[in-house]
Amino acid sequence: VQLQASGGGLVQAGGSLRLSCVVSGSIFRVNTMGWYRQVPGKQRELVASIRSGGSTNYADSVKGRFTISRDNAKNTVYLQMSRLKSEDTAVYYCTADVIMYSDYRAYGYWGQGTLVTVSS
């Protein structure tokens, strides 16, 4: 299983970015998908998550500014980030809980991370 994240980059404060993460492999189903972020010297923190049925969860710091969504047919999760602030600068990691064809058990996977830099 591979998680390929993309969409990071440099943006000015107040701007927007959209992250994408595609899950590939011998997958029966993808359950919860999500985004975490990490700043050097700090713990990785949950930004947002979305279940297969579409229910979502957000960190208080991003509520009202970020929107997580998914395309189940494409095994892809998105993070639309708006009104970005300098404190949103971090490496963003996608995650997915995947049920495999091999044994129909759930496993957790992480993407490689994509850097988001917000300049003030």
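Which residue does a disulfide join to C21? Select C21 and C94 in this predicted model: a disulfide joins the two, with an S to S distance of 2.1 Å. The structure holds one disulfide, and its two ends lie in distant parts of the chain, 73 residues apart. C21 belongs to strand β3 (residues 17-24), and C94 to strand β9 (residues 90-100).

Turn the view to look along the S-S bond. The torsion about the S-S bond of C21 and C94 is about 50 degrees, so the disulfide is right-handed. Now colour by accessibility. C21 is buried, at a relative accessible area of 0%, and C94 is buried at 0% as well.

Next come the salt bridges, of which a search of the whole structure finds four. Begin with R37 and E45, whose side chains meet in one of them at 2.7 Å, N to O. R37 is buried, with a relative accessible area of 6%, whereas E45 is partly exposed at 35%.

Move to K63 and D60. Their salt bridge has its closest N and O atoms 3.1 Å apart. D60 has 66% relative accessibility; because exposed means over 50%, D60 counts as exposed.

Then select R65 and D88, a salt bridge with closest N and O atoms 2.7 Å apart. This pair also links distant parts of the chain, 23 residues apart. R65 sits in the loop between β6 (56-58) and β7 (66-71), and D88 in the loop between β8 (76-81) and β9. R65 is buried at 7% relative accessibility, and D88 is buried at 0%.

Finally, show R37, E45, R65 and D88 together: salt bridges that share partners join these residues into one network.

How values were computed
Residues numbered from 1 in each chain as written. Predicted model: local features only at pLDDT ≥ 70, side-chain atom pairs only at ≥ 80, totals over all residues. Heavy atoms only, no water. Disulfide = S-S within 2.5 Å. Helix = DSSP H or I, 4+ residues; strand = E, 2+ residues; numbered from the N terminus. Buried < 20%, exposed > 50% of the residue type's maximum accessible area, 1.4 Å probe, protein only.
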